Amino acid sequence: MLEVDGIHTFYGLSHILFGVSLKVDAGQVACLLGRNGAGKTTTLKSILGLAPPKQGHIRFQDEDITGKEAYVLVRKGIGYVPDDRRIFVDLTVGENLEIAARRGKGRDYWDKKRVFDLFPPLQRLENRRGGLLSGGEQKMLAIGRALMGNPVFLLLDEPTEGIAPVLVRAFGQTIVRLKEVGLTVLIAEQNVKFTLKLSDRGYIIDNGRICYQGTVKELFENVEVRRTCGI
Ligand SMILES: Nc1ncnc2c1ncn2[C@@H]1O[C@H](COP(=O)(O)OP(=O)(O)O)[C@@H](O)[C@H]1O
Ligand SMILES: [Mg+2]
């Protein structure tokens, strides 16, 4: 479904990504793991056209999308949940969801009711303003909003950052459910243990380079990976 091939991305003159390549197959969950500043967010932004790479290629559903603008990619079915959530603080939960609605192609589309089924706590908060939600509730709303666009492929940037351990587990179950209904997912995370458990394939990035990759089983069995990631 997604193929990133040797991308180099810069912010101004700063060279951030050095030949990053990765692949996500349809229906799978892949993860991009690495510590703070490793280049995870920049990789997701490169895919979504927010930080277009200077070199290399990105293919989505067999089409070259390198450098295409984010709104075009969202229409093609890529959903994005940024790490800083970016919900509308002055709109209610319900309104945040409604303005993101975009009808998908299939019959099995996401609407407000289905988002509430996935995140029951949001239902009773439907009329609360986004800015008054807790961090975890805002994360749910950000994911719900991306789902309202009916993506086929979801980019999730640090879904567990700054939330309580009990919620981390709940988010894990949510991601498993999204996979079960057929979504393809790429998660960027620092939380290695949590993320590998949900994933089919993993990539480990450091200093803008992929240093290890493989199936989750391969990564778990790799002594160097275990040492580097503390698992
Ligand atoms: N807008 C920016 N301008 C310049 N440098 C940036 C910008 N955003 C991130 N960086 C730098 O790029 C590197 C990778 O950052 P990032 O992709 O955000 O890492 P991660 O998401 O893995 O924490 C870091 O060294 C960071 O300081
Ligand atoms: Mg980041």
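This is a predicted model: local features need pLDDT of at least 70, side-chain atom pairs count only at pLDDT 80 or more; totals for chains, interfaces and linings use all residues.

Biologist: What is L154 in contact with, leaving aside its neighbours within four places in sequence?

Modeller: L154 is in contact with G79, A146, L178, L183 and V185.

Biologist: How do I read the sheet?

Modeller: Strands of a sheet pair through backbone hydrogen bonds, in either a parallel or an antiparallel sense. Here six strands form an open sheet with mixed pairing, in the order β6-β7-β8-β3-β9-β10. β6 (78-81) and β10 (209-215) are the edge strands, each pairing on one side only. On average, neighbouring strands of this sheet are turned by 15° against each other, direction ignored.

Biologist: In which sense do β7 and β8 pair, parallel or antiparallel?

Modeller: Strand β7 (residues 153-157) pairs with strand β8 (residues 184-189) in the parallel sense, over five bridges. To follow one of the pairings by residue, take D157: its bridge partner in β8 is A188.

Biologist: Which strands does helix α6 lie across?

Modeller: Helix α6 (residues 135-148) lies across β6 and β7, and runs at about 165° to β6. Another helix, α1, lies across β3 (29-33), β7, β8 and β9 (201-206), at about 150° to β7.

Biologist: What should I know about helices in general?

Modeller: An α-helix has 3.6 residues a turn, so residues three or four places apart point the same way.

Biologist: How many residues of α1 are buried?

Modeller: Eight of its eight residues are buried, so by the cut-off each has 20 or more other C-beta atoms within 10 Å of its own. Among them are K40, T41 and K45. Just after α1, G49 takes a positive phi of about 80°.

Biologist: Now the ligand. Which residues surround ligand 1?

Modeller: The shell around ligand 1 is made of Y11, S14, I16, G34, N36, G37, A38, G39, K40, T41 and T42. α1 gives the most, with three residues.

Biologist: How do the residues of that shell divide into nonpolar, polar and charged?

Modeller: Three are nonpolar, seven are polar and one is charged.

Terms used: Residues are numbered from 1 along each chain as its sequence is written. Chains are lettered from A and ligands numbered from 1 in the order in which they are written. A residue is near a molecule or strand if its C-beta atom, placed from the backbone, lies within 6 Å of it. Helices (H or I, at least four residues) and strands (E, at least two) are DSSP runs, numbered from the N terminus. Ala, Val, Leu, Ile, Met, Phe, Trp, Tyr, Cys and Pro count as nonpolar, Asp, Glu, Lys and Arg as charged, and the others, Gly among them, as polar. Two strands pair if DSSP finds at least two bridges between them. Axes are lines fitted to C-alpha atoms, for helices over the stretch in contact, and angles run from 0 to 180 degrees between N-to-C directions. Two residues are in contact if their C-beta atoms, placed from the backbone, lie within 7 Å. A residue is buried if 20 or more other C-beta atoms lie within 10 Å of its own, exposed if 12 or fewer, and partly exposed in between; C-beta atoms are placed from the backbone.
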